[in-house]
Structure formats: structure tokens, C-alpha cells
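Subject: The structure to look through

Hi there,

Here is the structure I promised to pass on to you. Please open it beside this email and follow along as you read.

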Amino acid sequence: MAVSDHKHAAEVARGSGGVAAIMRSHDWSHSPLGPPEGWPPAIRPVVSLMLKSRFPMFVAWGPSQAIIYNDAYADILGSKHAGMLGRPFREVWPEFWPDMAPLLAAAMAGQTIYRQNLPLLLNREGYPEPAWFTFSYSPVEDEQDQVVGMFCVVADTTTQVLDERRQRFQIELDSAQAQLTDLRAIMATTSAALGRHLGASRVGFSEMSEDGETIFCRACFAEGVAPILGTSRLSSHGPDAVARQAAGFTEVASDVEADPAQVHATWRALQTRAYVSVPRVRDGRLQASLYVNFREVHHWTPGEIALIEDVASRTWAAVDRARAVAALRESESRFRALVTAGGYTVYRMSPDWREMLYLESDSFLLDAPSPTTTWMDTYLHPDDRDEIAAAIGKAIATKSLFDMEHRVRLADGSFGWTHSRAVPVVDDAGHITEWFGAAHDVTGRKRNEQALQRLTAELEDRVADALQERQMALAQVHEMQKMETIGQLTGGVAHDFNNLLTPIVGALELLATRLEGDGRAQHLAAGGLQAAERARVLIHRLLAFSRRQHLAPRPIDVGKLTEGVVDMVSRTVGPQIRVRMECMADLPAVMVDPNQLELALLNLAVNARDAMPEGGELVVGAVEEAGPARSQLKEGRFVRFFVSDTGTGMDGDTARLAIEPFFTTKGLGRGTGLGLSSVHGLAVQSGGDLALESVPGAGTTVHLWLPVSPVPLESAGEAVADTPIRCIRSAVVLLVDDEELVREGTAEMLLHGGYKVVQVASGYEALRKVTEGLVFDALVTDFAMPGMSGADVAREVRKLRPGLPTLLVTGYAQLSQAETGDLPRLAKPFRQCDLMGTLARLLDEGTGRPTDLALRRQVG
């Protein structure tokens with residue numbers, strides 16, 4: 001390491017800690033970080049802060065995520081610490097890299113990551129060990145605000161997590177043991193609970209015979225191995241192990257095969273590689289043991305050993321109590337009552353419990369060596385006295401055991417909890433002469449249970465919140481998927497349907513023209529055109545609902561448009577319905593397609609009319625609102641249109657379904673179920689929203705929010721009036737369409753209008769004719785064709801004929817400028833006047849200047 005490197009390292013690694021000292025002399029040439037002189041300025045304050053902290057921290061820097069850490073984090077690394085400074089994170093912790101890589105990537109992408117009590121399987125001492133950590137990953141930015149590293153603050157919560165689990169286990173085990181009186185049931189229940197808690201292959205209790213040579217196995221839990229039951233010889237475990245246990249020492253082996261003092265054949269026969277055996281020595285003799293076996297090598301933690309020893313102690317105490325109860329049943333009543341209570345805080349009560357005759361508490365409660373009749377006031381919590389009195393009365397009436405947990409005043413004056421038991425002592429006549437009882441201090445257990453209950457309640461609340469969030473997210477995803485599916489369906493249907501309608505409309509118009517003297521033929525043609533128009537409007541509503549119709553938004557005078565709608569509605573709804581307008585004065589312009597908005601308001605007005613068969617009042621109006629509190633709307637200014645009626649109204653379920661496609665409350669054949677859904681589609685596609693308010697029998701109000709136009713109305717310019725439709729009879733039109741029926745129908749329209757037409761069925765055929773020298777004045781091409789789209793045809797033709805007037809005909813409702821190449825468009829289905837007028841304007845302009853010529857004819 002060069003002298004300059006040491007100098008720069010000393011500047012960065014200031015501090016008296018061990019890691020700082022290592023950094024100053026470390027050879028950084030093999031680290032992805034490189035020499036300290038090349039370290040970016042952004043890393044220096046982070047490293048300085050980290051080295052001075054006593055809390056575990058590290059920095060992961062650069063694309064390789066090489067880590068630098070402090071002394072506290074070195075303790076977490078364990079034996080890895082020696083060679084990990086400056087190495088990539090994945091080399092430091094390869095054992096859980098797949099789990100942490102996404103979190104590091106998110107932090108390096110600028111996110112702050114926090115995890116609490118995350119379980120990991122570490123290998124820092126040569127063997128895997130479970131651990132839990134709470135940590136925070138924070139991105140570190142350089143002077144250009146670019147994320148160049150990640151800073152982590154971490155806490156090893158393994159002890160806390162294991163302590164909480166151990167505490168819950170002990171509480172549950174105490175509760176289970178307290179319900180049992182049979183010796184084998186106590187040992188079997190304890191063995192199974194401890195085995196499952198530790199994940200052991202075998203847990204059991206054994207007792208020694210009087211001769212000290214034979215082992216009796218009374219209960220055994222086994223998972224994946226055979227249980228040990230019956231008898232065996234103590235000497236089969238070797239003299240050293242027997243001597244240690246006889247001396248009262250807990251026997252611990254992480255790998256019996258690595259210990260030459262172990263009898264390997266015995267353990268192999270038992271399929272055991274690791275074990276703990278806790279002896280019970282009484283009066284200098286080994287009486288029993290609790291053993292825990294693992295089939296594979298297991299590195300015991302101090303917490304596991306302490307837990308096993310605690311379980312052994314508790315179980316033998318429970319076993320002793322059970323044995324005492326069984327023995328006392330055969331003894332005199334007073335001795336049996338005293339021992340049955342467990343020998344803790346001992347008390348005696350009068351037959352009716354009015355007087356406490358004696359209490360010796362051993363510092364748990366205040367002693368009462370002389371009789372007292374105020375014991376309830378002295379010892380019991382005021383809120384528990386009625387319940388305790390009721391339990392006492394029941395025990396007296398039935399001459400049965402009094403057994404209850406309740407609050408009690410402790411010796412220091414505070415309130416705690418006790419588990420109190422008392423048995424009646426009866427004379428030969430069966431009369432109760434007194435009660436003998438014992439009370440056990442369970443304050444610690446009850447407080448632990450209460451803490452666990454609070455924790456459980458908190459976890460339940462968190463789970464409930466998470467489930468609610470998940471359900472809301474799923475509902476949103478479902479709605480998006482539904483809209484996307486319907487949008488794709490309607491887009492395809494619209495294209496095919498518009499293709500079919502185009503020749504139908506053209507043929508009907510031509511027939512009507514050629515049969516001018518035939519009144520019946522004219523009537524039939526007009527009916528056909530009306531039906532085709534209704535079909536076109538239906539397709540338009542589907543596209544509006546799916547938010548795929550082509551819109552031409554511009555600033556709109558709200559008052560003028562609303563006044564026109566109200567005037568039209570007033571003339572059509574009939575005299576039994578009163579129509580009035582409520583518009584705020586000086587409303588700002590809104591940005592929307594005026595034809596679509598007018599159609600939407602007319603749809604709402606028609607729905608309102610249908611909801612008032614007996615007459616009523618219909619109000620159409622608009623007000624300005626600054627940022628309504630609705631999740632679908634962005635912040636900003638909006639104009640809220642509303643259509644209100646005094647009709648039949650809807651219940652909640654009907655109102656929720658009202659904007660669904662094809663849902664209608666009208667009779668068969670009277671509604672498509674697309675009117676309200678198409679209004680909703682227009683609102684969302686225009687940057688607004690829609691809502692319903694309805695009460696059965698009290699009417700309905702539909703609210704429609706639209707954004708205020710950023711362009712003032714007076715700056716938007718006036719719409720250019722349509723010029724009279726005319727045709728240029730000498731012009732030659734190259735017509736391209738792969739659909740023969742549509743192509744021939746379009747050609748007939750052009751021919752009837754005086755144009756000369758050259759028809760081709762594909763883009764390739766069109767290019768061939770152009771290269772062969774075809775002379776023509778305008779190009780009319782379909783957009784969707786196999787092999788080569790209409791936009792591709794136009795682009796290639798205009799390379800050969802720059803400035804050629806070109807018209808793109810399409811049945812798709814929504815095409816981007818990138819797809820159409822900014823070409824003039826005419827939407828299918830079109831009428832002859834639309835085609836002739838559009839083509840005449842393009843030929844007049846000469847250059848085919850890009851503009852949207854799609855026809856938008858709206859009907860009520």
C-alpha cells in the first residue's frame with residue numbers, strides 16, 4: 001500500500017476503533033472501492049459518521065456494493081470480519097444474498113427500505129444459525145443527486161425474538177401443565193411441546209431404577225426417528241457421561257461423532273448426532289433426566305440450553321405436584337389439603353369463609369398469623385370481590401375445591417395476581433370444619449399473558465389493515481383488467497363493424513340517388529340508413545365506455561353549451577316535465593370534445609325523463625369546484641355538470657351497477673345499458689370523473705366533473721365553418737383496400753361523384769403501379785391491411801410523389817400520431833358527402849397538410 005494511500009485512508013478512517021485502525025493499514029488494491037485517494041467525496045462523511053457510532057452500521061458502495069462497516073457491525077460478522085472489509089456484499093453474505101439482493105437493488109434505485117425482525121440463516125462461525133435483524137437501507141447520493149451507495153443501520157433482534165417466543169412457549173406450557181394431573185400426560189404433553197418448539201427429532205423423560213443401572217423411559221416425542229420407550233442400560237452411554245450427570249451437570253453435545261468420549265455405537269443406534277440431557281439429582285442419586293435429541297449436528301445456543309433446563313425444572317415440579325396430589329388422596333384430609341395446594345402461600349379459613357384463621361405468605365402477601373374478619377378488604381382487589389364471593393359460595397354449597405385466579409394486594413401494597421386453591425376439611429358427619437388452601441404468585445405470568453394479548457390484538461389489527469389494502473388493490477386490478485379486456489374487445493368489434501357498415505351506407509346512398517323517382521325505394525333506403533346510423537351510434541357508445549373513442553377536445557363555453565342542451569331537452573321531454581337550467585355565472589371554459597359532452601348530457605337528460613313517467617322536474621346545471629375530494633381526480637380546477645330529476649330513484653345496489661356496461665333498468669328493447677357507462681368513459685378519458693346520488697322515490701342526480709381548460713376561451717379561436725362540398729371531376733384517385741366489398745363500395749362513391757378510380761387490393765400492388773408510372777392525383781388507402789399498413793403505403797408512395805394529397809381511411813377508433821404518420825383521416829363508416837368533401841379539400845390544399853378530418857356526427 002503506497003504512502004499516499006495510507007494518508008488518504010487515515011483522513012477517511014478517523015477514530016480509535018478497531019475497524020478504523022484496520023482501514024488505515026488495509027490494502028485496498030484488491031477491493032472494488034480502489035485506493036482511498038480515489039474515493040468520492042460523498043462517501044467520506046458517511047464513513048466518518050459510521051465509524052464514530054456504537055450502533056451496528058455499514059455502507060455498500062458502488063455497482064459492486066462493496067461494504068465498509070464499524071466495530072459494532074464487526075461483532076455481527078463474527079469470524080467473517082477478518083477478510084470482509086471492502087468486499088462486495090454478495091461475497092460477505094452469500095448464504096442469504098438471493099433474499100437481500102432485491103432490497104439492495106431497491107435502495108440503490110433510490111428507495112428507503114425498512115424491515116423489522118427479518119429472519120435470516122447466517123454462517124459466520126462455520127455453521128448455519130438462525131438470526132433476526134431489524135434494519136434500514138437508505139440510498140446515498142453524490143453531488144449530482146445520483147444514488148452511488150447504500151447506508152444501513154442494523155440491530156440484531158435475535159435475542160428479543162427468541163425471548164418472546166420462549167416466553168410464549170413457557171406461558172402456554174404452564175397453562176397446559178396446570179390442567180393435567182396424570183404423570184404420563186404431563187410428561188407426554190411437555191415432550192411434544194418442547195420438541196416442536198425446538199424442532200428436535202426426539203424429546204423424552206427417563207427415570208432411574210433403585211439399583212442405578214436401569215433406565216425407564218415413560219414418555220417420548222419423536223419426529224423422523226423411532227421413539228425411545230421401555231428400559232435400557234445406563235452404562236451404554238459410557239462412564240464419563242454417567243458421572244457428569246450423576247454430579248448434576250447438564251450434558252451437552254453438538255456432535256457426538258466429534259467427541260471421542262462418547263459411545264458412538266449407542267448414539268448411532270439411536271440415530272442421534274446432538275443431544276442435551278438435564279439430570280435430576282436428589283439425595284445424591286441420579287433420579288431422572290430430560291433429554292433432547294437431534295438427528296443431525298446441532299450447535300446449541302445458551303438460550304436453548306436454559307430453556308431445556310427451565311422446562312425440566314417446571315415439569316418435575318408439576319410431576320411432584322401431581323404425585324403429591326395422588327398421595328394425599330390416601331392421607332388424612334388436613335395433610336392432603338395442605339399438600340394439594342402446592343405448599344406455597346398457605347392459609348386456613350373458617351367453614352363459611354368469614355374469618356381467615358391463618359396465612360403464611362413467605363413475603364408474597366402480608367402475613368396474618370392471627371384470625372381476621374377483614375381479609376377481603378386487606379387482600380382482595382375491590383373489582384374482584386363479588387366474583388370471588390360467588391365462587392366461595394359455590395364451593396361451600398358443593399363441598400368442592402375452590403380454584404380461582406384473581407387480583408390480590410401484594411406485600412409492597414401494589415396489586416398482583418394469585419392462583420388460589422382451597423379444599424374443605426370435613427368431619428365424620430360430612431360437615432365442613434375448615435378450609436385449607438394455598439396461593440401461588442402468578443403476577444409475572446398474567447402480565448406476560450396480557451402483554452401477549454396486546455401484541456396479538458395489534459397483530460390482528462395489522463393483518464386486518466393489510467387484508468383490506470390487498471382487497472382494495474385486487475379490486476382496482478380487477479377493474480383495470482375488466483376495462484382493458486372490454487377495451488380490446490370493443491376496439492376489434494368497432495373496426496370490423498365499421499368496415500361492414502361502410503359499404504352498407506355507401507350502397508344505400510347510391511341506391512337512393514339512382515332511384516329518385518321510386519318513393520318506396522327511397523323510403524326503404526332511408527330506413528336502412530337510419531338503422532346503419534343507430535348501429536354506428538351503438539359502436540360509438542361502446543368505445544366511449546371503454547375509453548377508446550377518438551376525441552377532439554377544445555375549450556368549450558360551458559354556459560352556451562348547457563343552454564343549448566336545456567333548450568333541446570325542453571322541446572323533447574313533453575309538457576309534464578319542467579326543465580330548468582342552474583349555471584353559475586362566468587364559468588371558465590372546460591377542455592372536452594363538445595360533441596361528446598353534448599351527447600353525454602342528452603343521454604343523462606333522456607335517462608332522467610324515463611325515470612319520471614308521471615312527470616316531474618329536470619334540472620341541468622354546472623358549477624365550478626376547486627379540487628373535489630375524490631380519489632380519481634388530480635388536484636386542480638374543475639367544472640361539475642349535474643343532471644337532476646325527481647323520478648323513481650335507485651337503491652344502493654342498483655346505483656352501484658348503473659355504470660356497468662349493458663346494465664339497464666328499462667324494459668326489454670328500451671335500452672342498451674351503454675348510455676351511462678359511455679358518459680363515465682368520456683369523463684375518465686377527458687381527465688374527470690362521474691358519480692351518482694340516488695334515493696328510491698326521491699330522484700337521482702348525476703355529477704360529471706371535467707377539468708378547466710388551460711387555454712382561455714377567447715384564445716382558442718373560432719371553429720372554421722365547413723366549406724361547401726364539391727368534387728374535382730378530372731382527378732384520378734388511387735384506391736387501396738384489402739376488403740373487396742369495402743373497396744368496391746368506396747369506388748362506387750367516387751365514381752358517382754365524378755372521380756376516376758384505380759383500385760388495388762394491397763399496398764404492394766399500389767407501389768408496383770406507382771413505380772410503373774401510374775398517373776394519379778390523390779391516394780385513398782385503408783389503414784389496417786395485411787403485410788403493409790395504409791400508413792406504410794402512404795409513406796412509401798410520398799417518397800416517390802412528395803406532397804401527394806393522401807387520405808387515410810380507418811375503422812379503428814383510436815390511433816396515435818405515430819401509427820398514422822400525421823396523415824388526414826376519415827373514420828368508417830362514412831357517407832358519400834363526407835368522402836367527397838374531404839377529398840376535395842385535400843386536392844384544393846394540394847400539399848395534403850396533416851389535419852384530423854375524421855367525421856364526428858352525433859345524434860341524441
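First, some ground rules. This is a predicted model, in which local features need pLDDT of at least 70, side-chain atom pairs count only at pLDDT 80 or more, and totals for chains, interfaces and linings use all residues. Residues are numbered from 1 along each chain as its sequence is written, and side-chain values use heavy atoms, with hydrogens and water left out.

**The whole protein**

The protein has 25 helices and 28 strands. Both kinds of element are DSSP runs numbered from the N terminus: helices are H or I with at least four residues, and strands are E with at least two. Of the 860 residues, 45% are buried. Buried means under 20% relative accessible area, exposed means over 50%, and partly exposed lies in between, with a 1.4 Å probe and protein chains only. Contact means heavy atoms within 4.5 Å. Among contacts between residues at least 6 apart in sequence, 60% join residues at least 24 apart.

Six strands make an open sheet in the order 8-7-6-11-10-9, and their pairing is antiparallel. Its edges are strand 8 (230–233) and strand 9 (251–253), each of which pairs on one side only. Two strands count as paired if DSSP finds at least two bridges between them. On average, neighbouring strands here are turned by 20° against each other, direction ignored. For such angles, axes are lines fitted to C-alpha atoms (for helices, over the stretch in contact), and the angles run from 0 to 180 degrees between N-to-C directions.

Look at strand 6 (residues 202–208) and strand 7 (residues 214–222): seven bridges join these antiparallel strands. Helix 9 (residues 239–246) lies across strand 9, strand 10 (274–282) and strand 11, at about 50° to strand 10.

Another open sheet has five strands in the order 25-24-26-27-28, with parallel pairing. Strand 25 (756–760) and strand 28 (825–827) are the edge strands, each pairing on one side only. Strand 24 (residues 732–736) is joined to strand 25 by five bridges. Within this pair, V733 has V757 as its bridge partner, and V736 stands opposite V760. Helix 25 (residues 832–845) packs on the sheet and touches strand 24, strand 26 (778–782), strand 27 (806–810) and strand 28; its direction makes about 150° with that of strand 27.

Why is strand 24 largely enclosed by the rest of the structure? Because five of its five residues are buried. In a regular strand the side chains alternate between the two faces of the sheet. In strand 24 both faces are covered: V732, L734 and V736 are buried on one side, and V733 and L735 on the other.

Helix 14 (residues 385–398) has 14 residues and reaches 20 Å from its first C-alpha to its last, close to the 20 Å expected at 1.5 Å a residue. That expected span is 1.5 Å times one less than the number of residues. Its buried residues are I388, I392 and A395. They cover an arc of only 65° around the axis, so they sit on the same side of helix 14. The arc is that of the directions from the helix axis to the C-beta atoms. These buried residues pack against helix 13 (375–379), strand 14 (402–409) and strand 16 (432–441). On the other side, D386, E387, A390, K394 and A397 are exposed. Just after helix 14, K399 takes a positive phi of about 50°.

**A loop residue and the cysteines**

T157 lies in the loop between strand 5 (147–156) and helix 7 (158–178). At 7% relative accessibility, T157 counts as buried. Leaving aside neighbours within four places in sequence, T157 is in contact with N117, W132, F133 and T134.

How many disulfides does a search of the whole structure find? The search finds zero. A disulfide is a pair of cysteine sulfur atoms within 2.5 Å. The sulfur of C220 is 7.1 Å from the closest cysteine sulfur, in C217, which is too far for a bond.

Happy exploring!
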